[in-house]
Amino acid sequence: MIINFRKTGNQRKADSDLLLKAQLDTLFGNSKLLVVGQFTTATIVLGWLWGQVDSLLLLAWYVISFIHPLTRILFTLVYLRDRQLRTLLLGNCYLFGSVLNGLVWGALVFLDVSPASYYIILLVLAGLMTMTVATSSIYRPAVTFYIAPIGLSASAQGLVYQIQYPEQGWLIVFLITVAYVLSLLGLSRVSNRSLLNGLQLNFENSELVKKLTLQKQELEEARAIAEKASHDKSKFLATASHDLRQPLHALGLFIGSLKFARSEQERKGIQEKLEVTHASLSELFDALLDMS
């Protein structure tokens, strides 16, 4: 999912899950707006069509139209409570709910309404589809499976009116309906691509921030190691300097004593001490060279 990086199968699956989770965050974040809009619209339609069509049939449609908003509220509460739930399952549930909702609203055009009322219903459905594209294009399958049933139902009813009233020009209404539905589907595709590109860019930025943070930590660790090494080196040099001063000082004393030696035996004794001191200095310098 993240470009410019080679991914294993597990990494691609993780990116896919991350993308779906981001999509669900947006979808469920818009739940309040969509649920309130659907409740309001369904109630207005109920009041407007009351007395124009069979009351029991209209009430049945009205009750069924509540199924999707209520289940959406339930899934939203569940998702917001625990965002670590299986995103694929929730995505499929959301998609199924979109199909059901599209079928319910698409069935509205098959109520026994007058051709004049059919125009109003088309406007209502157009508004619902437009709002869905605006709020849910980040998850394109849900938009497609919501718009498709409505578009098919509306265009089919337009053809029925064309057959019943050929002189009233319903073919134009049918063609306009089909063109509008196709344009919405095209718009949802463009919007979806733009939104997904934005999400992918966010993912890349997040990954880059993680890498930079890791590099910063590594640099800080390396700096700490370097500072410790510098401190240890200074400590070692100070200790070596102290250790070197003692044999050098002794060497100077032995050389001075050698000048005032009174006998050959005393001179040999000082010479032996000089040799021991020289050996000690050689060992210290060898150790210093090894450390260097």
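View 1. Residues 24 or more positions apart account for 75% of the contacts (heavy atoms within 4.5 Å) in the chain with a separation of 6 or more. The model is predicted, with local features requiring pLDDT of at least 70, side-chain atom pairs counted only at pLDDT 80 or more, and totals for chains, interfaces and linings taken over all residues. Numbering runs from 1 along each chain as its sequence is written, and side-chain values use heavy atoms, without hydrogens and water. The chain has 9 helices and 0 strands, these being DSSP runs (helices H or I, at least four residues; strands E, at least two) numbered from the N terminus. Of its 292 residues, 33% count as buried, meaning under 20% relative accessible area, whereas exposed means over 50% and partly exposed lies in between (1.4 Å probe, protein chains only).

View 2. At the start of α3, a side-chain oxygen of Asp 54 reaches to within 3.2 Å of the backbone nitrogen of Leu 56.

View 3. Ser 117 counts as buried, with 7% relative accessibility. Leaving aside residues up to four places away in sequence, Ser 117 touches Trp 48 and Gln 52. The side chains of Ser 117 and Gln 52 are joined by a polar contact of 2.7 Å, a term for a pair of N or O atoms within 3.5 Å in which, within protein, one must be able to donate a hydrogen and the other to accept it, and for which residues adjacent in sequence count only if both atoms are side-chain atoms.
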